[in-house]
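Hi there,

As promised, I am handing over the structure we talked about. Please have a look at it first, and then read on for what turned up.

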Amino acid sequence: MQRALALGMVVAIGVLLVFTVSTNLLPFGSFPSRQIGENFDNSIGQQILENAPQQTGAANVVTSVVWGYRGYDTLGEVTVLFAAVVSVVMIFRAFGRRE
Amino acid sequence: MSLEFLIQNALLVFLFVLCLIAIELKDLLYSVIVLAGASITLTVVFFMLQAPDIAITQAAVGAGVTTVLFVIAISRTRRRE
Amino acid sequence: MAGMTVIVRTIARLLFPFTFLFGAYIVIHGHLTPGGGFPGGVIIAASIVMLILAYGIERAQKKVGFLHAEVLESVGGIAIVILGLFGLLLGISFLQNVFPLGELGQLFSAGNLPLLYLGVGVKVTAGIILIFYAMLFAFRGEEE
């Protein structure tokens with residue numbers, strides 16, 4: 001049952017991926033844009049690409065987004081990592097003590 | 001139908017096939033190795049999409065750490081499904 | 001975990017400094033080239049895990065202990081929060097850049113971004129080593 005479920009999920013995701021890519025429904029690797037009414041708007045991404053080197057001073061735009069513009073998100077990500085490590089250590093310590 | 005488009009589609013189909021093989025294999029150690037190969041394929045796809053940051057992360061985490069973690073887990077439990 | 005053969009040990013010993021240096025390069029140059037704290041930290045952790053697997057957990061414990069990793073992980077997290085509080089105290093908002101920006105493309109530029117990446121790198125390295133230690137310690141009793 002579990003294997004059938006996993007197989008079904010892989011087949012569904014694969015078919016969706018191949019379908020969306022090959023029919024140009026969503027052009028593969030295209031610039032992320034937001035649709036407002038008829039026209040596509042990608043002004044936020046364009047503004048970040050233009051202003052990031054002056055505003056944050058980092059040559060790598062991804063870095064300036066990750067820690068400059070979206071600092072809170074990344075802090076949350078680090079907190080998730082901390083929670084994961086703490087829970088793994090806790091579970092395996094309890095497991096080792098019981099044996 | 002550019003060459004890049006064809007290569008990307010071929011890589012995606014290859015990734016799909018590798019994931020199917022990883023599910024179908026009965027020997028879990030082989031399955032983990034096939035999964036590392038799928039991870040490397042995904043790295044190439046990310047690199048072709050001009051996302052080198054994600055490509056580095058995928059290569060380090062997907063092919064490096066998770067493989068070792070799975071191998072340790074298999075060595076402590078049963079190898080065959 | 002009792003370590004492996006001489007071949008594996010020699011290769012791990014020779015490969016360790018290069019892997020470690022590559023990870024450190026990715027962490028330190030996170031604001032200039034692709035990469036950053038997370039992948040760099042994972043590569044450093046992979047180099048240390050390679051040593052752990054090759055030489056056995058007893059010998060690796062003397063170099064990088066469980067407690068060291070625990071402390072380092074907390075230190076990395078606290079460093080990030082303190083850097084964020086600098087912005088709150090001196091500037092306008094949390095995680096705001098208060099250091100001089102410097103010249104674009106130089107190593108010492110971009111204010112607090114390299115420092116934040118350093119904190120993330122230390123934290124991720126220690127966290128992944130900690131996960132490996134936890135997994136290896138939990139089943140240690142079965143082997144003897």
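Predicted model: local features only at pLDDT ≥ 70, side-chain atom pairs only at ≥ 80, totals over all residues.

Let's start with the largest nonpolar core, which has 47 residues. The members that touch the most others are C:Val42, C:Ala45, C:Val49, C:Ile52, C:Ile129 and C:Leu130. Several helices each supply at least two residues of this core: helix 3 (61-69) and helix 4 (71-98) of chain A, helix 3 (52-76) of chain B, and helix 1 (6-28), helix 2 (37-55), helix 4 (66-90) and helix 5 (113-138) of chain C. Helix 5 of chain C gives the most, with 15 residues.

Now for the helix pair. In chain B, the axes of helix 1 (residues 3-24) and helix 2 (residues 28-48) come within 9 Å and cross at roughly 160 degrees. Angles over 145 degrees count as roughly antiparallel, so helix 1 of chain B is roughly antiparallel to helix 2 of chain B. The crossing is left-handed. Among the residues making the contact are B:Leu11, B:Leu15 and B:Cys19 of helix 1 of chain B, and B:Leu35, B:Ala38 and B:Val45 of helix 2 of chain B. By class, this contact has 15 nonpolar residues, four polar ones and no charged ones.

Happy exploring!

Note on methods
Residues numbered from 1 in each chain as written. Chains lettered and ligands numbered in written order. Core = buried A, V, L, I, M, F, W, Y, C linked by C-beta atoms within 7 Å. Buried ≥ 20, exposed ≤ 12 C-beta atoms within 10 Å, placed from the backbone. Helix = DSSP H or I, 4+ residues; strand = E, 2+ residues; numbered from the N terminus. Axes fitted to C-alpha atoms, helices over the stretch in contact; angles between N-to-C directions. Parallel < 35°, antiparallel > 145°, perpendicular 65-115°, else oblique. Left-handed = near helix turned anticlockwise from the far one by under 90°. Contact = placed C-beta atoms within 7 Å. Nonpolar A, V, L, I, M, F, W, Y, C, P; charged D, E, K, R; others polar.
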